[in-house]
Amino acid sequence: MKTTYAEQYRQIGLKIAYYRRLRGFTQEQLAERIDRSPAYIGHVEAPNILKAVSLDTLFDIATVLEVPSYKFLLFEEP
């Protein structure tokens, strides 16, 4: 995978984890609601694993967590 956007993918994963916990979901519960495996969610959220997320999946996550999807794409400068 291209690593040009590694920092952005890391930040997306951390935001998914943040909002998931804020809503009181486990990785398993979120995975079930978006029809993915718990391992997939674990990889997306892990800051040391570079895992891309499709827009469809990001929109599904945003819907389940009741978070506007743009919030996952607001990046902090390194």
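Which helices do the buried residues of helix 4 pack against?

Author: A word on the model comes before the answer. This is a predicted model, in which local features need pLDDT of at least 70 and side-chain atom pairs count only at pLDDT 80 or more, while totals for chains, interfaces and linings use all residues. Residues are numbered from 1 along each chain as its sequence is written, and side-chain values use heavy atoms, with hydrogens and water left out.

Now to your question. The buried residues of helix 4 pack against helix 1 (6–22), helix 2 (27–33) and helix 3 (38–45). Helices here are DSSP runs of H or I with at least four residues, strands are runs of E with at least two, and both are numbered from the N terminus. "Buried" means under 20% relative accessible area, "exposed" means over 50%, and "partly exposed" lies in between, using a 1.4 Å probe and protein chains only.

Helix 4 itself covers residues 55–65, and its buried residues are Thr-57, Leu-58, Ile-61, Ala-62, Val-64 and Leu-65. They sit on the same side of helix 4 because they cover an arc of only 165 degrees around the axis; the arc is that of the directions from the helix axis to the C-beta atoms. Just after helix 4 comes Glu-66, with a positive phi of about 55 degrees.

Let us follow one of those partners, helix 3. Its buried residues are Tyr-40, Ile-41, Val-44 and Glu-45. Seen down the axis of helix 3, they fall within an arc of 125 degrees, so they line one face of the helix. Their cover includes helix 1, helix 2 and helix 4.

Glu-45 also leads us on to helix 1. The side chains of Arg-20 and Glu-45 meet in a salt bridge (2.6 Å, N to O). This pair links distant parts of the chain, with Arg-20 in helix 1 and Glu-45 in helix 3, 25 residues apart. Both Arg-20 and Glu-45 are buried. A salt bridge here is a side-chain nitrogen of Lys or Arg within 4 Å of a carboxyl oxygen of Asp or Glu, and by this rule the count comes to two.

The side chains of Glu-7 and Arg-10 also meet in a salt bridge (2.8 Å, N to O). Glu-7 and Arg-10 are three residues apart in helix 1, which means about one helical turn separates them. Glu-7 counts as partly exposed at 28% relative accessibility, and Arg-10 counts as partly exposed at 31%.

Helix 1 also holds Lys-15. Lys-15 is buried yet has no salt bridge, and the nearest side chain of opposite charge, Glu-76, is 5.5 Å away. For charge, Lys and Arg count as positive and Asp and Glu as negative, while His and the chain ends are not counted. Leaving aside residues up to four places away in sequence, Lys-15 touches Lys-71, Phe-72, Leu-74 and Phe-75, where contact means heavy atoms within 4.5 Å.

Finally, step back to the whole chain. The protein chain has four helices and zero strands, and buried residues make up 33% of its 78 residues.
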